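Reader: Can you walk me through this model? I'd like to start with how the strands pair.

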Amino acid sequence: MEEEKRKDVAWQGKCSGTVYIGGTESEGHFSLINEACSMFAHTNPLHLDVFQSVVHYEAEVVAMTAALLGRKASGDQICGNMTSGGTESILLAVKSSRDYMRTKKGIQNPEMIIPVSAHSAYDKAAQYFKIKLRRVPVNNEFQADVKAIRRCMNKNTILIVGSAPGFPHGIIDPIKELGQLAMRFGVCLHVDLCLGGFVLPFARKLGYPIPPFDFSVQGVTSISADVHKYGLAPKGTSVVLYRNHEIRKHQFVAVTEWSGGLYVSPTIAGSRSGGLIAGAWAAMMSLGEEGYLENTRRIMEASKKIQEGIKGIPELFIVGKPDMTIVAFASDKLDIFEVNDIMSSKGWHLNALQRPNSLHICVTLQHVPVVDDFLRDLQESVKTVKENPGPISGGLAPIYGAAGRMPDRVMVQELLVNFMDSSC
C-alpha cells in the first residue's frame, strides 16, 4: 500500500481544491481525525440502538452546521442528516423536494430549474429521480438569472436552485431574490453551500461583504454543506439541512412489507461509516469558531492576493467578481487551455472550465504559502504560450478545445462515458 501511495501525484500545495488542510498544523489535524476514525471504524449508525455514540455525534455535527447557517435567525426547527458528500446531499434534497411537492401540490410530472453554473449533481438527480431539468443561462455577472428562472416556471415546477458560491466562478447567486421567487410560486429552493458552508459565515464575521445565503432568507427550504471541504473533516462527510421536519420526512425510506422485518433509513446508503461521522465531529470540535475564523482569514487573504496578481497579467482577466476563495480566469488573447498545459507541466492541477473557456483555482490552506510561486508560474506559462502558441506534446488543450466546439453534445457525452468505463 505504501508503494502504491508513492505513485500518487505530489498534491501538496499545487492542486485546486482537493485537499483543504495545510500548513504546519496539518500533521496534528490529520492525526486527530485519523485517531477518531480509527476509534469508531467498526461502528454503523444504521444500528442506532447499538452505536448510540455516533448517532449522538451525527446529531451534534448537524446542529453545529445548522447554527452556522441561519438556524437562529430563521426561527424554524432546522434539521438534517450527514451524508457521504455534496452529491448525496443534493440528491437527497432534490428527492425530498419532489416528494414534498407531490404531497403538497399533487405534482406528478416534476420539473426543476437550475442555472448553467449549478453543480452537475442536479443532472444526476434528474436522471435518478425522473425529473425534467430546465437549465437557464447566468446573467452578465455570472449569477443565476432570476428573470430567466421566472420565465421557465410552470405548474410542474417543484424546485429552483442557487449556489453560494457556484463551483465554476466562486460567485454567490442572488439567494434573497430566489427566495422571494420560491415563496411567490410556492416551490422549494435549495442552496448549494457545499463549498461555502464553512467559509461564508466566518468571512461575514471578518467583515467581508457577503450577501444573504442561508436559512435567514425566507423561501430557502434546504441547504447542502460539505464538512470534508473547508470544514476540514475526513473525506466522505457532508450535511443536508431542511427548514423543517415536514420536508425532511420525505427524505426517509420506510419499508413495512420486507420479510427481514421493519426497515427505515434516512439517507441513500443503508450502512454508513461511524468512523467518518466521528472524524467530522472531532474536526469541528477541535477547530471551533476560533480555528475556522483564522483559516478563513488566511484563505480569503490568499484569494485576494491571487486575484490582484492575475489582474497584473495583461493577457488574462478574472471571470466575474469572486465572492470567496475560487478564482476563475480567462483570456481573449491566447488559448487558456494551452496555459493550463504549461501549468500542468510545472506540477499544477487547475480546473478547466467551459462557457467561457477558463481555468480556476480553488484556494485552500495548501496554497497560502505558495501564492507567489503560483503567480510566478502562471505569468511564465502565459509568456510561453504567447511566444510559442500551439499545443504541447501530451497536452489536453486540443481535447478541451474540440469538446467545447463540438455541436453534437451526445458524442461528447459518449466520449466521457467511454473514458470513465476504461478508467474504472
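**Sheet and cores**

Author: Strand 12 and strand 13 (residues 358-362) pair in the antiparallel sense over three bridges. Strands are DSSP runs (E, at least two residues) and helices likewise (H or I, at least four), numbered from the N terminus; two strands pair if DSSP finds at least two bridges between them. This is a predicted model, where local features need pLDDT of at least 70, side-chain atom pairs count only at pLDDT 80 or more, and totals for chains, interfaces and linings use all residues. Residues are numbered from 1 along each chain as its sequence is written, and side-chain values use heavy atoms, with hydrogens and water left out.

Reader: What stands opposite Leu 359 in strand 13?

Author: Ala 352.

Reader: And what is the strand order in the open sheet?

Author: 10-11-13-12, four strands with antiparallel pairing. Strand 10 (317-318) and strand 12 (351-353) each have a single partner strand, so one side of each lacks a neighbour in the sheet.

Reader: Switching topic. Which residues have the most contacts inside the largest nonpolar core?

Author: Val 94, Ile 149, Ile 160, Leu 193 and Tyr 230, in a core of 88 residues. Such a core is a set of buried Ala, Val, Leu, Ile, Met, Phe, Trp, Tyr and Cys residues joined through side-chain atoms within 4.5 Å; buried means under 20% relative accessible area, with a 1.4 Å probe and protein chains only.

Reader: Which helix gives the most to this core?

Author: Helix 11 (residues 274-311), with nine residues.

Reader: Where does the second core come in?

Author: The second core is separate, has 25 residues and includes Ile 306 and Val 371.

Methods: Buried < 20%, exposed > 50% of the residue type's maximum accessible area, 1.4 Å probe, protein only.
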